[in-house]
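Subject: Structure handover

Hello,

Here is the structure for your files. My notes follow below it.

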Amino acid sequence: MRRALTSVLGAATLLLAGLVAGAPPAAAASTLKDAAAATGRVFGTAAAQSHMGESAYVNTLNREFNQLTPENEMKWETTEPSRDSFDYSAADQLVQHARSQGMEVRGHTLVWHSQLPSWVEGISSRTELLEVMRNHIANVAGHFRGDLTTWDVVNEAFEDGTGARRDTVFQRVIGDGYIEEAFRAARAADPTAKLCYNDYNIDGRNAKSDAVYAMVQDFKRRGVPIDCVGLQGHLIVGSVPGDVQANIQRFADLGVDVYITELDIRMQTPPNSQKLAQQAADYRSVVSACVAVTRCKGITVWGITDKYSWIPDVFEGEGAALLFDDNYNKKPAYDASLEALGGDPGDPGDPGDPGDGDVTCTYTRTSQWNNGFNGQVTITAGSSAVSSWTAVLTMRSGQSIQALWNGTPSTSGSVVTVKPAGWNANIPAGASASFGFTASAPNGDVSDPGLACGTP
Ligand code: XIL
């Protein structure tokens, strides 16, 4: 008892001394979400339900992000594939996961010309399309009522370059008024979510962002319910607009919040150290622009790992646009983003820093046959030696490891954790160790297992 009291008093004295002397600042955050939270913001990512079975994917999501946007699961083609028949199953699972981790969720998106089922495209009566749009919003926003912090109510309604209204079925059949009708319907269905207009190439000042600005100004004047603007942030390495902060500020000055909603900064692949350094500078400038404006409330990257990014599918020859590489290693852009949020990626030599004391890893399929394959994993030390390592393979459905050499596996479901064989635990700075395995793939799926690695 006496001892406890003494230590309490001791602590109080120390605290007092700290106050008098100027208490040392709290340690800087070492994850994106903690650093963002310290500034009152969220740092989020798009996530896809189809990847949630991969442990490295989920672990990175949970460790780094405090906001999640379903990448496709809330889009019209998924939620109302045929008229009046609604499916929320995939989105519900993501919302549930987010809730279990204390993450915010952005709803994406209620009205968009893309990923829109053809039965909607075919409607030519104004009364009917208005009714269909209102019904979609009432159902979908009603279903998620209370679960979301924001909704992207309308997505990509303006043309690039000119700022004219994009020619979509909604624009053609309903006319200019469809956007405000959508916002009114969303407010009625979910009064708790902030309602955003979201678009790409409106990150800096240009004809398109001027058109969005004019619309938001008009909505605010006439009392149309709008609370926020989403700047998608699909950008190109070396060509980030110089006036992102000024553009965010002018929207904020209209009395709406601003979010960077789909940030990725793509390059011609393959990446090299020069491109990755430029990308880091580009991420730093966008994240800093948001942090500099009080009403810029959050940043969302459009995916966790380069491995699953939408960029290579849509922009030929481009990719490597995100903060983690194909093997979930942090890229230079990760450190730059963390620093821009006021966090600290750690001094060289800190455990966990890529390239200094930690390890990176790569997977190669060395041979394959009808229903099996051989794989090799190489673990490489950074600028310091490591005395041990762990690699985690996430096997695809049906795949299982039959034999493994130069490592010690332990299996739990589809996850195989591999420790050194003993003699290959020590890896000198810059050197590598590797292990190999034979896997069976009865259904012929020899595609690469998930891979993550670290120390110890
Ligand atoms: C993309 C998804 O990432 C892809 O998986 C899908 O095939 C197509 O849509 N702007 C948006 C997002 O608002 O919904 C898009 O997402 C990327 C561009």
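One definition to start: buried means under 20% relative accessible area, exposed means over 50%, and partly exposed lies in between (1.4 Å probe, protein chains only). This is a predicted model, in which local features need pLDDT of at least 70, side-chain atom pairs count only at pLDDT 80 or more, and totals for chains, interfaces and linings use all residues. Residues are numbered from 1 along each chain as its sequence is written, and side-chain values use heavy atoms, with hydrogens and water left out.

Disulfides

The structure has 2 disulfides. A disulfide here is a pair of cysteine sulfur atoms within 2.5 Å.

Cysteine 290 and cysteine 296 form one of them, with sulfur atoms 2.2 Å apart. Cysteine 290 has 0% relative accessibility, so it counts as buried. Cysteine 296 is buried because its relative accessible area is 0%. The S-S torsion of cysteine 290 and cysteine 296 is about -105°, so this disulfide is left-handed.

Cysteine 196 and cysteine 228 form a disulfide too, with sulfur atoms 2.1 Å apart. This pair links distant parts of the chain, 32 residues apart: cysteine 196 sits in strand β5 (residues 194–199) and cysteine 228 in strand β6 (residues 228–231). Helices (H or I, at least four residues) and strands (E, at least two) are DSSP runs, numbered from the N terminus. The torsion about the S-S bond of cysteine 196 and cysteine 228 is about -90°, so the disulfide is left-handed. Cysteine 196 is buried at 0% relative accessible area. Cysteine 228 is buried at 0% as well.

Sheet

An open sheet of 4 strands runs in the order β11-β12-β17-β14, with antiparallel pairing. Two strands pair if DSSP finds at least two bridges between them. The edge strands, β11 (359–369) and β14 (400–405), each pair on one side only. Neighbouring strands of this sheet are turned by 25° against each other on average, direction ignored. Axes for such angles are lines fitted to C-alpha atoms, and angles run from 0 to 180 degrees between N-to-C directions.

β14 pairs with β17 (residues 432–440) in the antiparallel sense over 5 bridges. Isoleucine 401 stands opposite alanine 439 in β17.

Asparagine 62

Asparagine 62 is in helix α3 (residues 55–64). Its relative accessibility is 17%, so asparagine 62 counts as buried. Leaving aside neighbours within four places in sequence, asparagine 62 is in contact (heavy atoms within 4.5 Å) with Lys33, His97, Gln101 and Met103.

Best regards
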